[in-house]
Amino acid sequence: MNRDGFEKLIYHHDKIVKIGRQAPQFPVHLTLSLGNYCNHACRWCTAAASQEKDVRHADADALLEFLERARPRGLAAVGYVGNGEPTAYPDFARVVVGARRLGLEQGMFTNGALLHRHLDAVLECFTYVRFSLDAGTTATHSAMHVVNDQFDRILDNIGRLVAGRRGGSPTVGIQFATHHENISDLPAAARLARELGVDYLNVKPVFNQGGGRDPARIAANEVTPEQLDRAVANIRRDFETRAFQIHYKPFQIHAVQRDENVLPYSRCVAGFFNLSVYEDGKVVACGPHHIEVGTIADSLADIEARVLELSNSIDLSQCPAACRYHALNHIVDTVLVPEHGREYHKNFL
Ligand SMILES: C[S@@+](CC[C@H](N)C(=O)[O-])C[C@H]1O[C@@H](n2cnc3c(N)ncnc32)[C@H](O)[C@@H]1O
Ligand code: SF4
């Protein structure tokens with residue numbers, strides 16, 4: 001089973017039944033933005049505009065209280081991926097230990113430069129950690145992330161995390177967002193990732209559209225889908241093993257090139273699986289359309305009702321080609337609308 005894909009829906013078949021019945025429900029997962037501060041300044045960062053505002057940190061007590069209410073309602077996991085760098089959040093250790101006490105699984109995307117501050121808490125509390133590395137050399141890393149030679153320290157942090165694992169947990173991955181200014185580093189990054197003993201390298205393109213990315217800070221990405229397909233095939237051939245996987249989603253990239261979603265469906269169900277909570281306490285059901293469904297001070301019943309309403313009313317023609325939930329929506333649609341699933345020969349034919 002692909003960890004990054006949506007085969008895991010099978011574990012949540014009860015939610016699909018509820019969606020079919022139009023029943024409100026709280027999501028399995030929350031994406032949490034702990035603050036808009038970042039110690040890096042990646043030239044393509046979609047959070048750049050939000051980082052230009054005054055530094056804002058999440059209210060740790062209010063957030064933990066919200067998680068405590070959500071847990072018995074079906075919340076099972078939180079992922080720290082937001083407007084800034086999660087490990088730079090002053091209350092990081094308190095929040096992750098608190099979430100662990102609630103029995104929540106946790107994961108995060110991090111630039112990795114501050115991980116040594118929280119190594120024990122991360123080893124204790126996390127199910128996955130993904131490092132946004134985007135380079136195979138110090139020079140490229142410094143140029144893309146606009147930092148002063150932090151590459152070796154980050155590699156050291158990745159190595160310490162891998163060495164401290166028990167029973168292979170947390171899962172550790174490295175991400176490479178590919179742009180024509182760093183694609184030549186891809187083989188070096190794959191070699192390093194394998195040598196460091198991480199579980200996978202995730203390759204994706206730098207997206208030109210989306211969020212608060214400032215186009216003046218880096219040229220539009222000229223890497224073509226065919227070029228990326230070839231580069232990934234080469235590193236797979238040279239570096240992939242059973243223990244070290246290379247993750248890549250070509251359908252997402254081709255959809256962006258054509259600027260349209262290539263997986264049809266009739267209803268967005270993403271909000272039943274994930275909501276985003278921002279550092280200002282807003283709860284958002286759809287990142288790209290930025291549709292708020294409340295705040296962490298609201299009743300969960302109100303939030304659930306708004307998610308259901310949104311699922312039935314959102315204008316799918318305005319959805320961006322790169323939305324990661326196209327695949328999830330397509331699969332659920334083929335289950336709930338049998339004629340849409342006919343092409344898959346569902347009866348084991
Ligand atoms: C906004 S960052 C926040 C978490 C953390 N600071 C980090 O970099 O991992 C979340 C992820 O978005 C990715 N990202 C930001 N801008 C992007 C873009 N224009 N195209 C593709 N990925 C992007 C980053 O590489 C990172 O993996
Ligand atoms: S991608 Fe992550 S590390 Fe880079 S500037 Fe944005 S928030 Fe910071």
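1. Basis. The model is predicted: local features need pLDDT of at least 70, side-chain atom pairs count only at pLDDT 80 or more, and totals for chains, interfaces and linings use all residues. Residues are numbered from 1 along each chain as its sequence is written, while chains are lettered from A and ligands numbered from 1 in the order in which they are written.

2. Overall fold. The protein chain contains 13 helices and ten strands (DSSP runs numbered from the N terminus, helices being H or I of at least four residues and strands E of at least two). Its radius of gyration is 20 Å, close to the 20 Å given by the globule rule for 349 residues, so the chain is as compact as a globular protein of that length. That radius is taken over C-alpha atoms, and the rule is 2.2 Å times the number of residues to the power 0.38. The C-alpha trace spans about 55 × 50 × 45 Å along its principal axes.

3. Of the 349 residues, 37% count as buried (20 or more other C-beta atoms within 10 Å of the residue's own; exposed means 12 or fewer, partly exposed in between, with C-beta atoms placed from the backbone). Among contacts with a separation of 6 or more, 73% involve residues 24 or more positions apart; a contact requires C-beta atoms, placed from the backbone, within 7 Å.

4. Ten strands form an open sheet of mixed pairing, in the order 7-6-5-4-3-2-1-8-9-10; two strands pair if DSSP finds at least two bridges between them. Strand 7 (245-248) and strand 10 (291-295) are the edge strands, each pairing on one side only. Strand 8 (residues 274-277) and strand 9 (residues 282-286) run antiparallel and are joined by two bridges.

5. Ligand 1. The ligand is surrounded by 17 residues, of which the closest are Trp-44, Thr-46, Phe-109, Ser-132 and Phe-207 (C-beta atom, placed from the backbone, within 6 Å). Strand 3 (105-110) and strand 5 (171-178) are the elements that give two or more residues to this shell.

6. Ser-142. This residue lies in helix 6 (residues 138-145). Ser-142 is partly exposed, because 15 other C-beta atoms lie within 10 Å. Leaving aside neighbours within four places in sequence, Ser-142 is in contact with Val-147, Asn-148 and Asp-149. The C-alpha atoms of Ser-142 and Arg-73 are separated by 44 Å, the two residues being 69 apart along the chain.

Technical notes. Contact = placed C-beta atoms within 7 Å.
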